[in-house]
Amino acid sequence: MICQKFCVVLLHWEFIYVITAFNLSYPITPWRFKLSCMPPNSTYDYFLLPAGLSKNTSNSNGHYETAVEPKFNSSGTHFSNLSKTTFHCCFRSEQDRNCSLCADNIEGKTFVSTVNSLVFQQIDANWNIQCWLKGDLKLFICYVESLFKNLFRNYNYKVHLLYVLPEVLEDSPLVPQKGSFQMVHCNCSVHECCECLVPVPTAKLNDTLLMCLKITSGGVIFQSPLMSVQPINMVKPDPPLGLHMEITDDGNLKISWSSPPLVPFPLQYQVKYSENSTTVIREADKIVSATSLLVDSILPGSSYEVQVRGKRLDGPGIWSDWSTPRVFTTQDVIYFPPKILTSVGSNVSFHCIYKKENKIVPSKEIVWWMNLAEKIPQSQYDVVSDNVSKVTFFNLNETKPRGKFTYDAVYCCNEHECHHRYAELYVIDVNINISCETDGYLTKMTCRWSTSTIQSLAESTLQLRYHRSSLYCSDIPSIHPISEPKDCYLQSDGFYECIFQPIFLLSGYTMWIRINHSLGSLDSPPTCVLPDSVVKPLPPSSVKAEITINIGLLKISWEKPVFPENNLQFQIRYGLSGKEVQWKMYEVYDAKSKSVSLPVPDLCAVYAVQVRCKRLDGLGYWSNWSNPAYTVVMDIKVPMRGPEFWRIINGDTMKKKKK
């Protein structure tokens with residue numbers, strides 16, 4: 001008996017060795033297939049005798065027959081009254097209803113697993129099998145479902161899966177060693193469906209997985225032919241996420257979703273939806289490669305139920321499970337778009353479909369109102385179709401808040417009444433002034449802007465965006481499609497401040513403020529700044545002031561700052577020193593000047609002096625004033641001795657009378 005079992009096991013591994021070496025494994029299909037065990041015909045050659053079965057003599061056709069000793073089932077019933085029958089295990093798929101055996105067409109031989117059972121004489125043993133790689137790319141799963149559940153329910157039903165991931169050489173497959181196959185026990189539920197889990201390393205997703213099924217029931221062993229599959233070709237993605245529906249600005253129903261994570265390739269999607277309304281009921285099923293689908297001709301008062309599933313776009317794969325159904329219901333009055341956010345001076349349009357008492361109101365009978373207080377002139381109406389009406393607003397003014405309402409309500413009405421639903425119109429003035437200044441060291445540029453001039457919109461955010469050109473600014477700044485955000489911080493004076501560092505002095509920085517909101521985004525008019533043209537120089541240094549003794553003038557001198565290297569103009573202010581200086585101004589346009597002398601009325605007073613500078617061509621900003629410089633009062637001494645001849649003058653010097 002021991003020798004017999006050893007020979008059977010040896011023969012089993014020799015079979016696996018042979019069919020692996022000659023690449024005779026059954027390729028698993030990405031759809032459900034059937035494992036069938038049935039009586040053989042007279043033309044089959046058998047190479048596999050499953051473990052636990054002994055080999056007898058060959059019959060007249062050259063077939064080997066296997067025998068199993070009669071056994072008792074779990075209830076103690078004995079099947080000795082059944083004659084011997086040999087069963088073939090082969091595959092059938094949903095695509096091919098014929099029994100598909102692993103055959104070598106050249107040799108004309110078919111390789112099948114066989115079993116001789118005393119239990120199943122005239123009944124085919126069938127299992128439905130489906131395998132896939134789980135969406136997380138970690139587990140290869142096979143479901144095995146018995147098609148004769150009642151027969152195997154009490155017969156110690158077990159399913160095992162033997163597998164190996166052999167190494168692959170460049171030219172030919174390396175035959176796996178006998179001990180390299182691993183076995184997993186499949187979890188069989190009460191529903192007679194068994195789940196077999198095979199862990200697959202990420203590095204081997206593109207390798208060939210070899211495996212076979214071993215099914216035991218009532219002492220009878222069924223073994224499938226060897227199967228092969230590349231796990232990456234059997235990926236079953238997770239269902240799509242975030243299924244969402246909304247009415248677009250064009251009046252279509254947009255169905256959108258997100259791709260499941262971890263999928264290593266693009267997916268195609270199958271969308272099925274149903275529409276149910278008082279006038280029409282329709283169902284549709286569409287395949288798309290994008291993550292959205294537009295459904296046209298929507299009607300008010302309708303409900304739409306949608307589900308989506310995904311599958312590999314190019315190459316083999318398995319459809320995911322369907323997503324959870326989602327239902328979207330349209331209102332009796334449909335506005336598209338339902339809300340508009342726009343800027344001052346723009347033109348916008350609203351459309352509507354009006355349903356009343358289960359009937360669509362003809363578009364010619366629709367009238368439009370603003371805030372239920374102002375009827376919109378018919379010259380602004382357009383008939384788009386029998387059911388769709390359109391109204392257009394031109395050169396819009398800024399919306400004036402009305403209490404807590406920061407929008408204008410636009411109503412679509414019939415000739416006699418208005419529905420309580422309305423569309424919302426937000427009009428904002430987005431003229432925001434951005435000013436920039438380059439420091440005197442030419443190392444950074446600071447830009448500032450304020451929102452005090454625009455109407456605040458709840459749940460909106462503001463962001464400075466910019467695009468830097470390689471050289472200079474264009475004559476007419478425009479918003480570039482490629483831009484970068486810049487972090488700006490609110491200052492105590494209510495301005496936002498952003499710093500660009502380092503800077504490129506001769507590059508044009510086109511910048512604008514973007515208002516982001518759930519309704520959309522608005523951009524302020526763009527402005528272009530050249531850092532070299534907005535320099536605020538350092539103030540002049542070494543400023544000095546003195547009263548000249550010889551000519552009695554106020555002399556002021558200074559040193560030009562190192563940066564910028566452009567020609568500069570200077571501005572001087574001076575005045576009598578005190579708590580409140582009454583300044584007098586003096587301009588110097590000679591870029592080479594470093595001093596100037598000015599007449600003053602009192603040579604014995606102290607004067608305060610400051611100097612600042614700016615580019616001579618007028619670009620940029622005035623520098624800060626220099627630190628003040630002060631004159632020094634000089635004492636006038638009495639002569640130590642008079643001249644050699646003195647002259648005496650008598651009389652009143654004030655009246656110029658002499659004696």
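Me: Which strand does Leu464 lie in?
Reply: Leu464 is part of strand β37, which covers residues 461-468. Keep in mind that this is a predicted model.

Me: Buried or exposed, that Leu464?
Reply: Buried: the relative accessible area of Leu464 is 0%, and the cut-off for buried is under 20%.

Me: What does Leu464 touch, leaving out residues up to four places away in sequence?
Reply: The list has Ile434, Trp449, Glu484, Pro485, Lys486, Cys488, Cys498, Phe500, Met511, Trp512 and Ile513.

Me: Pro485 is on that list. How many residues apart along the chain are Leu464 and Pro485, and what separates their C-alpha atoms?
Reply: They are 21 residues apart along the chain, with 5.9 Å between the C-alpha atoms.

Me: OK, zooming out. How many helices and strands does the protein have?
Reply: The count is 2 helices and 50 strands.

Me: And what share of the residues is buried?
Reply: 43% of the 659 residues count as buried. As for the surface, the protein exposes about 36,800 Å², and carbon and sulfur atoms supply 50% of that area.

Me: Of the contacts between residues at least 6 apart in sequence, what percentage join residues at least 24 apart?
Reply: That comes to 65%.

Me: Switching to the open sheet of 4 strands. What's the order?
Reply: It runs β21-β20-β23-β24, and the pairing is antiparallel.

Me: Which strands stand at the edges there?
Reply: β21 (281-288) and β24 (326-329). Each has a single partner strand, so one side of each has no neighbour in the sheet. On average, neighbouring strands of this sheet are turned by 20 degrees against each other, ignoring direction.

Me: How many bridges link β23 and β24?
Reply: There are 4, in the antiparallel sense, with β23 spanning residues 303-312. Glu305 stands opposite Val327 in β24.

Me: Now β48. Which side chains point to which face?
Reply: β48 covers residues 595-599, and its side chains alternate.

Me: In what sense do β45 and β48 pair, and over how many bridges?
Reply: β45 (residues 553-559) pairs with β48 in the antiparallel sense, over 5 bridges.

Me: Which residue stands opposite Ser597?
Reply: Lys555 stands opposite Ser597 in β48.

Conventions:
Residues numbered from 1 in each chain as written. Predicted model: local features only at pLDDT ≥ 70, side-chain atom pairs only at ≥ 80, totals over all residues. Heavy atoms only, no water. Buried < 20%, exposed > 50% of the residue type's maximum accessible area, 1.4 Å probe, protein only. Pairing = 2+ DSSP bridges. Contact = heavy atoms within 4.5 Å. Areas by Shrake-Rupley, 256 points an atom, 1.4 Å probe, with all protein chains shown as cover. Axes fitted to C-alpha atoms, helices over the stretch in contact; angles between N-to-C directions.
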